[in-house]
Amino acid sequence: MTDRDAERDPELERLLARWSAPVVPEGLDQRVLAAYRRQTRQAEPWWSRLFTASVRVPLPVAVGLVILLLVTAALALRPTTPPPTAGTSGPGGPVQAAQATRPLGPPVVTRTSLAGFQPVGEVTATVVQAPEVRQ
Amino acid sequence: MTDGAAEAELLLKAARGDEAAFLLLYERHRTPVFRFACRMLGEPQHAEDVTQECFMSVLRRPEAFRAERASLRTYLCAIARHLALKQLRKRGQETLTDDPPVDAAPGTRTAADDPLRSAIGGQEAEAVRQAVAELPPLQREAVVLFEYQEMSLLEIATVCEVDVGTVKSRLHRARERLRRRLLPFLAGGAQAPAAMGRETRS
């Protein structure tokens, strides 16, 4: 005779048996399994997680990054014409080659000299009418 | 290798990430844990939370399970009990005393108060559910573990962290309350057996 037998109350047992607990919901299994995977993943060493880790990126950001990447790649791969070098052989030699690279048009003065400059002794201001200026 | 040692081994494997080992343990013990939590809390949603947290917490410290002390089922029920009492405490329903006074308000009617109507309406299961739910938590857990989980007094004592004498005492008081609440449904109750028989057949 076990300790259970000594404590049993058959009449009450029969009545209590009428209440059956609900079955385990199907969703619980998936929920627990997901929690288990999360928990065991956290227990993994960091280097192991590097191989399976994922990052969620919003779609607009992802599209922007892809476009940026494509543009950068296109610019990097674009064929470029090499500039003429000083050692290029030709009839005029290096000097002619250097002149050929100079921009055309009037020469631009880049330096001024104040040597021999003297300020005027007396300043006289004259107001003139506008029509006179035109004449 | 004993069953307990084998389960301890499975538990260690599961904690290390062996999903197959975890599924084996989970499928073996999910029903008793869920049903125990459900009967303690009365609501399946809360029982789901407790079941999930119960399995996760046992995996966090697998070495805490000692197969020589108790079976894994008993150990899981002990964790589920702690979690269930925590939920009841949050709701302000946990009672620290073993035998608080019956405080049903005068005029309050429960399903058990009107057995004929309950039986005809297919409500005797509801009457039992309500009577068990009205038990103080410490008595409720003793009844649930004994009557529904079919645990021995020693196992219940392990789960509840008390001695066997305390378990017997709680069980006795719980049954007294249940008998009072469900008197009309018991053999001595007028009309109840016939009504319940009809209900069972229907």
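Trainee: What is the phi of B:Glu161?

Mentor: Most residues other than glycine have a negative phi. B:Glu161 is not a glycine, and yet its phi is positive, at about 55°.

Trainee: Is B:Glu161 buried or exposed?

Mentor: A residue is buried if 20 or more other C-beta atoms, placed from the backbone, lie within 10 Å of its own, exposed if 12 or fewer do, and partly exposed in between. B:Glu161 has 10 other C-beta atoms within 10 Å, and it is therefore exposed.

Trainee: Is B:Glu150 buried or exposed?

Mentor: B:Glu150 is in the loop between α7 and α8 of chain B, and it has a positive phi of about 55° although it is not a glycine. Because 10 other C-beta atoms lie within 10 Å, B:Glu150 is exposed.

Trainee: Is B:Met151 buried or exposed?

Mentor: B:Met151 also belongs to a loop, the one between α7 and α8 of chain B. Its count is 24 other C-beta atoms within 10 Å, so B:Met151 is buried.

Trainee: Which residues does B:Met151 touch, not counting residues up to four places away in sequence?

Mentor: Two residues touch, or are in contact, if their C-beta atoms, placed from the backbone, lie within 7 Å. Leaving out residues up to four places away in sequence, the partners of B:Met151 are B:Leu145, B:Phe146 and B:Ile156.

Trainee: At what angle do helix α7 and helix α8 of chain B pack?

Mentor: Two packed helices are described by the angle between their axes and the distance between the axes. The axes are lines fitted to C-alpha atoms, for helices over the stretch in contact, and angles run from 0 to 180 degrees between N-to-C directions. For α7 (residues 137-148) and α8 (residues 153-160) of chain B, the axes are 10 Å apart and the angle is about 140°.

Trainee: Which residues of α7(B) and α8(B) make the contact?

Mentor: α7(B) contributes B:Glu141, B:Ala142, B:Leu145 and B:Phe146, and the residues on the side of α8(B) are B:Ile156, B:Val159 and B:Cys160.
By class, where Ala, Val, Leu, Ile, Met, Phe, Trp, Tyr, Cys and Pro count as nonpolar, Asp, Glu, Lys and Arg as charged, and the others, Gly among them, as polar, the contact of α7(B) with α8(B) holds 6 nonpolar, no polar and 1 charged.

Trainee: How is α8(B) placed against α9(B), roughly perpendicular or roughly parallel?

Mentor: α8(B) and helix α9 (residues 164-182) of chain B have axes 8 Å apart and an angle of about 100°. Angles under 35 degrees count as roughly parallel, over 145 as roughly antiparallel, 65 to 115 as roughly perpendicular and the rest as oblique. The angle therefore makes α8(B) to α9(B) roughly perpendicular.

Trainee: Among the elements of chain B, which has the lowest mean pLDDT?

Mentor: Chain B has 10 helices and 0 strands, and its pLDDT averages 81. Where pLDDT is low, the predicted coordinates should not be read in detail. Residues 190-202 of chain B stay under 50, and the element with the lowest mean, 39, is helix α10 (residues 192-201) of chain B.

Trainee: Which helix gives the most to the side of chain A that touches chain B?

Mentor: Chain A has 7 helices and 0 strands, and 24 of its residues are in contact with 35 residues of chain B. The elements that give two or more residues to this side of chain A are α1 (3-7), α2 (10-16) and α3 (26-43) of chain A. With 8 residues, the element that gives the most is α3(A).

Definitions and conventions. Residues are numbered from 1 along each chain as its sequence is written. Chains are lettered from A and ligands numbered from 1 in the order in which they are written. This is a predicted model: local features need pLDDT of at least 70, side-chain atom pairs count only at pLDDT 80 or more; totals for chains, interfaces and linings use all residues. Helices (H or I, at least four residues) and strands (E, at least two) are DSSP runs, numbered from the N terminus. pLDDT is the predictor's confidence in each residue, from 0 to 100.
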